[in-house]
Each structure stands twice: as structure tokens, then as C-alpha cells.
Amino acid sequence: MRSKIERYYLQREKNILRHLREFETAISETTLHDFRVELKKLRALLRFLQEVYGKQEMKRIRKAVDAVFQEAGTLREQQLFLLWLHTNRLGKLEKTYAGEHRVPEISGALQQVLKSIRKKLSALLDQHRKLVATTAQAVPEAYSTKLKHRIEKQLSQKPAEAEWHELRKLLKQWLYSVSWIEKQRSTSLSELYRFSDQLQQAIGNWHDAIHIHITLLTMKGHLPKDPKVQKDHAAALQRVTITIKQTATAVQQLLEHPVPAGKRSLPADTL
């Protein structure tokens, strides 16, 4: 019988390769989002395997997966920024940005990259399947527990804003690791699980707002002189500045009231 971590790996492999085959025909916003979620799950698992087996053992597959994730991320960032402009009714700025960053062209280029790497990635995933199969289930159990303790320690120290991004990566790594382990524990840890998910989402919202702000500042120097476009850009900067403050406040409020120590229990597989 396959272990839970092996079943998890096989599901990621199956889903990623299915998406790559589908992308040869077309790439939609929904399928691209789903594909990146699968890549995030796989990358978390590969980080764990690298800690167990070393960098050299995992070097080739991590490099291939990271390259695919980065390529897919470029298109996804364009889509999300255009969606933000559209949601905020900044039509003139949206039209200007869309004209300079043509999603169909970026999508077509991504299709070619993904097509060229599909066979190589498939072979690497197949090769490392054997490594996952030989990993004793007790190893991810211990790894997940170690991550939990690291989170508890960091939360007790009230991390500063400069540490939020790294904290989010740790939170997400632990949240993913919960999906690899078999044993369920007492109910109190599920509170930590829910809190960790809420906190990583809040930090993610804050980080996204900062990224939008950076994108807007980058655009400023080469915008057309059209007063309506300039007006939209000024409004966009004002709105995202407010959003950054609001999302930062939401993170700070969560950090002021973390899950009380002593309430620990592991939830069922929810990722």
C-alpha cells in the first residue's frame, strides 16, 4: 500500500502533466491558476525532499519546476494586474497597460516554453517518484512537527513587517506538509492550522498590494500624456496606498492575537 506522501506526489504529477497537455491547445485564467497551485504544492514537497536527501539529489527537478513556475507566474501577474485595474474601474489605464503587455502574445510564448519542457519534466517526475516511494512516512511526520514548532516560536516573538514574507513561506510550507501526514492529533492544533492559513492569506494580500504599487511606479515614467490616463494612474496609486495600509493593519491585528499555546491538534487533510 502506498504511503500518504507517495499518493500526494502521484496526484501532483498527474495533475501537472495533464495541465501541460491541455496548455498545448489553450491557456485560460482558471487553468493557469490551478496549474500554479499544483506547482506550489509540488515545490513544497520538493523542498522537504531536498532537506532529507540534499541539494544535489534534487537539483535538476527543482530547477525545472522553478523555471516552469516562473514562466507561468509572468503571465499570471499580468492577468491579475489587469483584473485589479478592471475591478477598480480604471479603464484608460487598463487599456494602456493591455496594449503594452499583450496577454495573447505572452500566453503563446508560454505555451511554447511549456511544450518544450513537458517531456523533460515528465521524466524527472517519474525518476523522483521512486525516491518518494522509499521515504518512510515517519520522516514527513517529523518534518511537519518541526515546522509547527518554528511557527510557534516566530509567532511568540511578534515578527516585524520585514519578516512577514519569510513567515508566510514558513506558514505555507507547514500547511502543505499537513497533507502528507497520516496521523491526526488533538483538536487544538487545528486552531493553529486555521490561524496559519488566515495569517498567510492576510500577508499575501499585503504583499500583492505592494507588488501592484511597484508595478504602478514602474509605469509612471512611460505613460502617455493623455490626461485621462494620467488621472487613472494617480487614482490607482492612491487606492493601492490605502490598500497597503489596510492589509498591513489586518496582518498586525492577527499577530497581536495568535493562537494560545497549549491548544494543539492536527486537522484532517484539507489542502
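Predicted model: local features only at pLDDT ≥ 70, side-chain atom pairs only at ≥ 80, totals over all residues.

Q: Nice. Which residues are closest to its centre?

A: Those are R36, K40, F69, R168 and K172, out of 44 residues that line the pocket.

Q: And which elements give two or more residues to that lining?

A: You'll want to look at α2 (29-53), α3 (55-87), α6 (138-156), α7 (164-177) and α8 (188-219). Helix α3 gives the most, with 12 residues.

Q: How does the lining split by class?

A: There are 14 nonpolar, 15 polar and 15 charged residues in the lining of the largest pocket.

Q: Changing topic: how many salt bridges are there?

A: The count comes to 11. One of them pairs the side chains of R129 and E13, at 2.9 Å from N to O. That pair links distant parts of the chain, with R129 in helix α5 (residues 103-133) and E13 in helix α1 (residues 4-23), 116 residues apart.

Q: Is E13 buried or exposed?

A: E13 counts as buried because its relative accessibility is 6%, under the 20% cut-off. R129 is partly exposed, at 28% relative accessible area.

Q: What about R118, which residue does it form a salt bridge with?

A: With E24, and the closest N and O atoms are 3.0 Å apart. Here too the pair links distant parts of the chain: R118 sits in helix α5 and E24 in the loop between α1 and α2, 94 residues apart. R118 is partly exposed at 23% relative accessibility, and E24 is partly exposed at 37%.

Q: How far apart are R18 and E22 along helix α1?

A: They are four residues apart, about one turn of the helix. Their side chains meet in a salt bridge of 3.5 Å, N to O.

Q: Now the surface. Which residues make the nonpolar patch of about 200 Å²?

A: V52, Y53 and V139 make that patch. Y53 lies in helix α2 and is partly exposed, with a relative accessible area of 30%.

Q: Last one: where is H257?

A: H257 is in the segment after α9 (227-256). H257 counts as exposed because its relative accessible area is 61%, over the 50% cut-off. From H257 to K158 is 9.9 Å in space, C-alpha to C-alpha, though they are 99 residues apart in sequence.

Terms used. Residues numbered from 1 in each chain as written. Heavy atoms only, no water. 1 Å grid on protein atoms, 1.4 Å probe; cavity = no way out; pocket = protein on both sides within 12 Å on 5 of 7 lines; lining within 4 Å. Nonpolar A, V, L, I, M, F, W, Y, C, P; charged D, E, K, R; others polar. Patch = residues over 30% accessible without salt bridge, like charges linked within 9 Å, V, L, I, M, F, W, Y side chains within 5 Å. Areas by Shrake-Rupley, 256 points an atom, 1.4 Å probe, with all protein chains shown as cover. Salt bridge = Lys/Arg side-chain N within 4 Å of Asp/Glu carboxyl O. Buried < 20%, exposed > 50% of the residue type's maximum accessible area, 1.4 Å probe, protein only.
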